[in-house]
Amino acid sequence: MAASDAAVQLHGVGVRYGSQAAVAGVQADFSRAALHAIVGPNGAGKSSLIGAMAGLQRHSGRIEVAADLRPHMGYLPQRSQVDRSFPITVADFAAMGLWPRLGALRGMSRAQAQAVDEVLDRLGLQTLQRRLIGELSTGQFQRLLFARLCLQDARLLLLDEPFAALDEDTTTALMALLQTWRDQGRTVIAVLHEQAIVRAHFDSALLMAGTALLQGPADAALAPAAWRHAERQLARQAAALPSPA
Ligand SMILES: Nc1ncnc2c1ncn2[C@@H]1O[C@H](COP(=O)(O)OP(=O)(O)OP(=O)(O)O)[C@@H](O)[C@H]1O
């Protein structure tokens, strides 16, 4: 892939936790204006890798993000990593997506307040604007995380398990949003466990098992033989680890 077509290129990327290598030697290319999935069995290093791409995880090797996209990256953490006890309303939480574009000491402009309204409306949260985030259901909170991302207006979106434990309606609504982002020329890289969704909607998938085993069409990365290979590879890596004292 020509460098100008790539949103992100990974060159020998590794992540360690203490003496344990969670990810090693990952080579991958993610093209622009496409939906890319990162898939693999539990413990394959998917979250570690996307955390490194988001700049939140120390890593070795090189992560090359296209210069024009670098200032416009958005990251959706796993829901379990977000503290929901903080006393902030739905509208204020969503508006946090605007922070990079709010002037110092200035509040939201009328247009920005309207943008918050519109996004909450689009994601079915309009009537919950004044609620505290701790009062939302799992699906409502995930919609809110997406509302914040929409307002951030990111051009490269890194999502860690965006559909985990969601009801079908919410998954369908959020998947439609991802497709809109792609149509707008945005690039999405998402860690996903939902194989049917990856097959139906994603342009490519990267199969992980401690390293990148295969990157290509979703059907290839999710083929039973490829998946079994990934599981065997992970089992071998686990067997090679020193047993705890
Ligand atoms: N903070 C941490 N400290 C120590 N080890 C960790 C930490 N986070 C992850 N690991 C280990 O790194 C390996 C990869 O974990 P990671 O969460 O990246 O995998 P994953 O593919 O996202 O897994 P899952 O699908 O189960 O969420 C696992 O062996 C895990 O136990």
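This is a predicted model: local features need pLDDT of at least 70, side-chain atom pairs count only at pLDDT 80 or more; totals for chains, interfaces and linings use all residues.
At roughly what angle do the axes of H4 and H5 cross? Residues are numbered from 1 along each chain as its sequence is written.

**View 1. Helices H4 and H5 come within 10 Å.** Their axes cross at roughly 10°. Axes are lines fitted to C-alpha atoms, for helices over the stretch in contact, and angles run from 0 to 180 degrees between N-to-C directions. Helices (H or I, at least four residues) are DSSP runs, numbered from the N terminus. The angle makes H4 roughly parallel to H5; angles under 35 degrees count as roughly parallel, over 145 as roughly antiparallel, 65 to 115 as roughly perpendicular and the rest as oblique. H4 contributes Gly139, Gln142, Arg143 and Phe146 to the contact, and H5 contributes Thr170, Leu174 and Leu177. Two residues are in contact if their C-beta atoms, placed from the backbone, lie within 7 Å. By class, this contact has 3 nonpolar, 3 polar and 1 charged residues. Ala, Val, Leu, Ile, Met, Phe, Trp, Tyr, Cys and Pro count as nonpolar, Asp, Glu, Lys and Arg as charged, and the others, Gly among them, as polar.

**View 2. Helices H3 and H4 cross at roughly 140°.** H3 spans residues 110-122 and H4 residues 138-152; their axes come within 10 Å. That angle makes H3 oblique to H4. From H3, the contact takes in Ala115, Val116, Val119 and Leu120. From H4 come Ala147, Cys150 and Leu151. The contact holds 7 nonpolar residues, no polar and no charged.

**View 3. Domain 1 meets domain 2.** Domain 1 covers 1-69 + 157-245, and domain 2 covers 88-154. These bounds come from an automatic or database domain assignment. The C-alpha centres of the two domains lie 27 Å apart. At the contact, 8 residues of domain 1 touch 8 residues of domain 2. On the domain 1 side, helix H5 (residues 168-183) gives the most, with 4 residues. That side divides into 6 nonpolar, 1 polar and 1 charged.

**View 4. Residues surround the ligand.** Among them are Tyr17, Ala22, Gly40, Asn42 and Lys46. A residue is near a molecule if its C-beta atom, placed from the backbone, lies within 6 Å of it. Helix H1 (residues 46-53) supplies the largest share of the shell, 3 residues. The shell has 3 nonpolar, 6 polar and 1 charged residues.

Definitions and conventions:
Helices (H or I, at least four residues) and strands (E, at least two) are DSSP runs, numbered from the N terminus.
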